Amino acid sequence: MKEYMLKKISDKSIVVGVVGLGYVGLPLAVEKAKAGYKTIGFDVQFQKVDMVNKGQNYIGDVVDRELVNLVDSGNLEATTDFSFVKNVDFIAICVPTPLDKHQQPDISYVKNSAEEIAKYLTKKTIVVLESTTYPGTTEDLVKPILEEGSGLKCGVDFYLGFSPERVDPGNIIYKTKNTPKVVGGVGKDATEVIAAMYRSVLEGEVKEVSSPTIAEMEKILENTYRNVNIGMINELAMLCDRMGINIWEVIEAAKTKPYGFQAFYPGPGLGGHCIPLDPYYLSWKAREYGFHTSMIESSMSINDKMPEYCVGRAVRILNKYEKSLKMAKILVVGVAYKQNIDDYRESPALEVIKILEESGALVEFYDPWISEYKYQGKIHKGKQNIKPEQVEKYDLLIITAAHSNVDYVMLQKHAKNIFDTKNVMKDIKNRENIEVL
Ligand SMILES: NC(=O)c1ccc[n+]([C@@H]2O[C@H](COP(=O)([O-])OP(=O)(O)OC[C@H]3O[C@@H](n4cnc5c(N)ncnc54)[C@H](O)[C@@H]3O)[C@@H](O)[C@H]2O)c1
């Protein structure tokens with residue numbers, strides 16, 4: 001089977017399937033199709049499938065023209081019909097891995113997609129899970145579902161592996177194509193074939209590891225590393241404020257050390273589908289082994305408190321002007337979870353707004369990337385443009401995302417007060433109305 005698959009990869013006769021056409025799956029499907037593979041995208045949302053088939057792009061990291069060309073040439077198509085799985089040779093699973101309401105892994109999307117794939121899995125197919133998950137998911141959950149549902153044997157009839165997705169939406173240097181990949185297959189042959197497949201498409205290094213579990217764990221390590229370091233710097237930011245020290249200047253100074261230090265920055269909390277959630281997958285799994293991940297829990301609790309801390313700082317600013325939070329007019333600038341993207345999943349700005357509103361403040365938001373968002377069942381509509389005379393009417397502006405297409409000079413000139421949680425106004429000379437986190 002190995003030689004057969006390697007030959008099909010080298011002559012590009014493999015048909016690729018990508019399950020889940022979101023922030024990860026659509027760019028991946030586009031790269032595979034661009035590399036010359038006929039590619040079929042699978043999703044349960046008809047609207048996304050329909051848009052792909054019409055060449056309509058909905059993901060910032062995908063180039064509109066490329067999508068149109070791939071669809072027009074017949075290299076890329078999408079469907080909600082999983083029976084087309086029988087036509088593909090390589091399947092990448094890129095479905096969501098969120099948390100449930102008890103902050104525990106919700107693995108149902110992985111389970112459901114594996115069950116659908118299993119119904120139509122044929123011999124000599126490669127299945128790769130790319131969704132971020134706890135160590136053991138590929139071998140303990142996906143493998144039995146695929147084997148039982150298809151009647152086929154992993155390693156004999158089909159190959160299975162895990163290769164974490166590392167895409168960083170909005171990153172202008174590292175895209176799907178040039179970001180290094182890690183591959184861990186169930187067995188050496190699977191690893192070799194899966195790695196060959198990625199090498200045929202991507203420019204970055206493809207690192208082979210000894211098992212899917214290593215690959216799953218290394219992805220969680222990457223994201224836990226970020227989570228814990230951000231937790232530490234948020235804690236130091238709160239301490240520095242109490243001590244009257246500017247944390248941003250401290251970080252800039254520490255950054256001059258050429259080794260042993262990597263800069264992380266404070267902010268209003270953690271956002272996105274990965275960094276705030278993934279460490280919970282690990283701490284949940286750790287409990288099975290009677291192990292308490294105290295450092296993760298500690299950083300989670302610091303990061304989770306940041307929106308409330310930011311509101312406390314806003315109250316302090318308003319107090320200086322004898323203004324109460326109740327009935328204060330506040331503009332939140334940037335509701336995306338990070339700069340220059342339109343994704344607001346888990347964005348801490350939404351929690352900041354919620355707490356402000358619960359305290360009676362009159363809150364509006366301005367985000368050039370996002371016109372409206374839904375949070376806890378409620379739709380919030382905002383501004384995508386703002387004029388100087390509109391800025392003047394607010395008692396306070398709170399900057400919660402460092403978008404580069406916002407006119408911060410104009411905001412500073414016309415705002416009464418600004419609380420800059422991202423230090424995005426660092427180069428503005430007149431700082432009378434600016435306070436940083
Ligand atoms: N977004 C990121 O920056 C990023 C980065 C690295 C890794 N990841 C990981 O990649 C995975 C996917 O994340 P995303 O941001 O692309 O999610 P997403 O919500 O943008 O996309 C997931 C897609 O899967 C579809 N889907 C759900 N269930 C399905 C099913 N049973 N069959 C077919 N399609 C189904 C959804 O409709 C959606 O279109 C997650 O595990 C995430 O942790 C995300």
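This is a predicted model: local features need pLDDT of at least 70, side-chain atom pairs count only at pLDDT 80 or more; totals for chains, interfaces and linings use all residues.

Trainee: Where does asparagine 423 lie, and what is its phi?

Mentor: Asparagine 423 lies in the loop between β14 and β15. Its phi is near 55°, a positive value in a residue other than glycine.

Trainee: Glutamine 376 also has a phi to discuss. What is its value, and where is the residue placed?

Mentor: Phi of glutamine 376 is positive, about 50°, although the residue is not a glycine. Glutamine 376 sits in the loop between β11 and β12.

Trainee: Why does glutamine 376 count as exposed?

Mentor: Its relative accessibility is 57%. Exposed means over 50%, so the label holds for glutamine 376.

Trainee: How do you know that β11 and β12 pair?

Mentor: Pairing needs at least two bridges. Strands β11 (residues 372–375) and β12 (residues 378–381) have four, in the antiparallel sense. So they pair. Within this pair, tyrosine 373 stands opposite histidine 380.

Trainee: What makes β13 a strand with both faces covered?

Mentor: Leu396 and Ile398 are buried on one side of β13. Leu397 and Ile399 are buried on the other. In a regular strand the side chains alternate between the two faces of the sheet.

Trainee: Which strands does β13 pair with, and in what sense?

Mentor: Strand β9 (residues 329–333) pairs with β13 in the parallel sense over four bridges. Strand β14 (residues 418–420) runs parallel to β13 and is joined to it by three bridges. Isoleucine 398 is the bridge partner of valine 332. Isoleucine 398 also has phenylalanine 419 in β14 as a bridge partner.

Trainee: What makes up the β-α-β unit that includes β13, and what is its hand?

Mentor: β13, helix α14 (residues 408–414) and β14 make the unit. The unit is right-handed.

Trainee: Which residues make the nonpolar surface patch?

Mentor: Met232, Leu236, Leu239, Met243, Ile245 and Val250 make a patch of about 510 Å². Helix α8 (residues 212–243) gives the largest share, four residues.

Trainee: Why is isoleucine 245 called partly exposed?

Mentor: Isoleucine 245 is found in the loop between α8 and α9. Its relative accessibility is 38%. Buried is under 20% and exposed is over 50%, so isoleucine 245 falls in between and counts as partly exposed. Patch residues need over 30%, so 38% passes that cut-off too.

Notes: Residues are numbered from 1 along each chain as its sequence is written. Side-chain values use heavy atoms; hydrogens and water are left out. Patches are made of residues with over 30% relative accessible area and no salt bridge: like charges are joined within 9 Å, nonpolar side chains (Val, Leu, Ile, Met, Phe, Trp, Tyr) within 5 Å. Accessible areas come from the Shrake-Rupley method with a 1.4 Å probe; for residues, only the protein chains shown count as cover. A salt bridge is a side-chain nitrogen of Lys or Arg within 4 Å of a carboxyl oxygen of Asp or Glu. Helices (H or I, at least four residues) and strands (E, at least two) are DSSP runs, numbered from the N terminus. Buried means under 20% relative accessible area, exposed over 50%, partly exposed in between (1.4 Å probe, protein chains only). A crossover is right-handed if, with the strands pointing away from the viewer, the path from the first strand over the helix to the second runs clockwise.
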